[in-house]
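Work through the exercises below with the sequence and the model at hand. Each task is followed by a solution in steps.

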Amino acid sequence: MVAFNPLTTILTQNKLEGPNYVDWKQRLDIVLIVEDYKFVLDEVCPEKLGEVSTDDEQKAYQKWVKADVMAQCYVLASISNVLQHQHQSMESSYDIMGNLKEMFGDQNRVAKQNAMKALLNTKMVEGSSVRDYVLKLMSLLNELEVLGANIDKDT
């Protein structure tokens, strides 16, 4: 009997089909962070080492390779069959994610623009709760942060 894994359920119930790229990417990031594999999307693979490498260098390389294989499995399992077929021969999870971002990344930009527009156009209605207004602003700011918008004091 196969053990129940809520992380794989999250991904299989929310497969990337195209228009859901932003939501899919957020869920994939959560799973990869929990499993400690997300670093392979941000860090370059250590060079394959020869006989003169230290044990620590060998372990770092092996850790990256194993994490990349697992990340590839998570990514491929969480995308449609058509996308799987297009991406299964790619060398790394970084390459797969780069191609998916190229294909669907504009959705992220549009989502950021929509969230920023909503934030800038949000006004408190006279007589409404300050608490509800602040919660709405916080929600929009969180959404922007998740989408990768750079919100700083100047913004």
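**Exercise 1. Locate D36, describe its backbone, and decide whether D36 is buried, partly exposed or exposed.**

Solution. In this predicted model, D36 sits in the loop that joins α2 to α3. Its phi angle is near 65 degrees, a positive value in a residue other than glycine. The relative accessible area of D36 is 47%. Buried requires under 20% and exposed requires over 50%, so D36 is classed as partly exposed.

**Exercise 2. Describe the packing of α2 against α3: axis distance, angle, handedness and contact residues.**

Solution. Two packed helices are described by the distance between their axes and the angle between them. Helix α2 covers residues 21-34 and helix α3 covers residues 55-77; their axes come within 11 Å and cross at roughly 150 degrees. Angles over 145 degrees count as roughly antiparallel, so α2 is roughly antiparallel to α3. The crossing of α2 past α3 is right-handed. On the α2 side the contact uses W24, L28, V31 and L32, and on the α3 side A71, Y74 and V75. Sorted by class, this contact has seven nonpolar residues, no polar ones and no charged ones.

**Exercise 3. Carry out the analysis for α3 and α5.**

Solution. The axes of α3 and α5 come within 8 Å and cross at roughly 35 degrees. From α3, the contact takes D68, A71, Q72, V75 and L76; from α5, S93, Y94, I96, M97 and L100. The classes are seven nonpolar, two polar and one charged.

**Exercise 4. Which residues touch the most other members of the largest nonpolar core, and which elements supply the core?**

Solution. The largest nonpolar core has 32 residues, and L16, W24, L28 and L100 touch the most other members. Elements giving two or more residues to this core are α1 (6-12), α2, α3, α5 (93-104), α6 (106-121) and α7 (130-146). Now take W24: leaving aside residues up to four places away in sequence, W24 touches N14, K15, L16, V75, S78, I79, M97 and L100. As a general point, nonpolar side chains tend to be buried together in soluble globular proteins.

Definitions and conventions: Residues numbered from 1 in each chain as written. Predicted model: local features only at pLDDT ≥ 70, side-chain atom pairs only at ≥ 80, totals over all residues. Heavy atoms only, no water. Axes fitted to C-alpha atoms, helices over the stretch in contact; angles between N-to-C directions. Helix = DSSP H or I, 4+ residues; strand = E, 2+ residues; numbered from the N terminus. Parallel < 35°, antiparallel > 145°, perpendicular 65-115°, else oblique. Left-handed = near helix turned anticlockwise from the far one by under 90°. Contact = heavy atoms within 4.5 Å. Nonpolar A, V, L, I, M, F, W, Y, C, P; charged D, E, K, R; others polar. Core = buried A, V, L, I, M, F, W, Y, C linked by side-chain atoms within 4.5 Å. Buried < 20%, exposed > 50% of the residue type's maximum accessible area, 1.4 Å probe, protein only.
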